[in-house]
Amino acid sequence: NVGILAYNTKKAALAKPEVRQALDMAIDKAAILRTVYGPAGMAASTVIPAASWAHDATLKAAPHDPAQARELLQKAGVLPLNLTLWAMPVVRVYNPNGQRMAQMIQADWAKVGVTARIVSYEWGEYLRRIDAGEHDAALSGWMGSPEPAGTFGQLACGGASGSFWCNPAYDKLLAEARQ
């Protein structure tokens, strides 16, 4: 299972990779693991779970570095930044407490000059509105598939991740892998 924070890349500021990287670096993931997941959680460095044969343990997640995050946001020219942060209204294995996680992310982002307004809807409405691209950032996730192409497919153009990230070269490689 992998919990994600989907950045809507259709939004101008979030279309910039350095902004997404900065927002990620601002989040104290170790604190979220302790508080939200307890001993059952483990930090992910990729979307492929560590239990998968396709997991690459050499890949590392960006470190928690609020000073570097603020610097990247300033360099990108997006501060002050106001975002909506969507909190899952349901308990899932990949996110047992979306509201608490959103509050922790909100507090971390505030430390680097980002104001996040937490939004939530009934689960069906939440998913419908994410598919419509109404969010800036949304907590989500998925249960892993034994076939990595299924997991990577969540990130393909038109995938269900809520990121709207699209890269034709990625999609071409994914199609080849599925064959």
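A residue counts as buried when its relative accessible area is under 20%, as exposed when this is over 50%, and as partly exposed in between (1.4 Å probe, protein chains only). At 9% relative accessibility, Asp108 is therefore buried. The model is predicted: local features need pLDDT of at least 70, side-chain atom pairs count only at pLDDT 80 or more, and totals for chains, interfaces and linings use all residues. Residues are numbered from 1 along each chain as its sequence is written, and side-chain values use heavy atoms, with hydrogens and water left out.

**Nonpolar cores**

- A nonpolar core is a set of buried Ala, Val, Leu, Ile, Met, Phe, Trp, Tyr and Cys residues joined through side-chain atoms within 4.5 Å.
- The largest such core has 40 residues, and Leu5, Leu23, Ile105 and Trp109 have the most contacts inside it.
- Beyond its neighbours within four places in sequence, Leu5 is in contact (heavy atoms within 4.5 Å) with Ile27, Leu85, Ile105, Trp109, Ala137, Ala138 and Leu139.
- A second, separate core consists of five residues, including Val2, Ala6, Val47 and Trp142.

**Helices α1 and α3**

- Helices are DSSP runs (H or I, at least four residues), numbered from the N terminus.
- Helix α1 (residues 17-26) packs with helix α3 (residues 66-76) at an angle of about 155 degrees, their axes lying 8 Å apart; axes are lines fitted to C-alpha atoms over the stretch in contact, and angles run from 0 to 180 degrees between N-to-C directions.
- Because angles over 145 degrees count as roughly antiparallel, α1 is roughly antiparallel to α3.
- Among the residues that meet are Val19 and Ala22 of α1 and Leu72 and Leu73 of α3.
- By class, this contact of α1 with α3 has nine nonpolar, two polar and one charged residues; Ala, Val, Leu, Ile, Met, Phe, Trp, Tyr, Cys and Pro count as nonpolar, Asp, Glu, Lys and Arg as charged, and the others, Gly among them, as polar.

**Helices α2 and α4**

- Ala31, Ile32, Leu33 and Val36 are buried in helix α2 (residues 29-37), and their cover includes α4 (98-110).
- The axes of α2 and α4 come within 10 Å and cross at roughly 155 degrees, so the two helices are roughly antiparallel to each other.
- Ala31, Ile32, Thr35, Val36 and Tyr37 of α2 make the contact with Arg100, Met101, Met104 and Ile105 of α4.
- Just after α2, Gly38 takes a positive phi of about 65 degrees.

**Asp108**

- Asp108 is found in helix α4.
- Not counting residues up to four places away in sequence, Asp108 touches Ala26, Ile27 and Asp28.

Terms used: Parallel < 35°, antiparallel > 145°, perpendicular 65-115°, else oblique.
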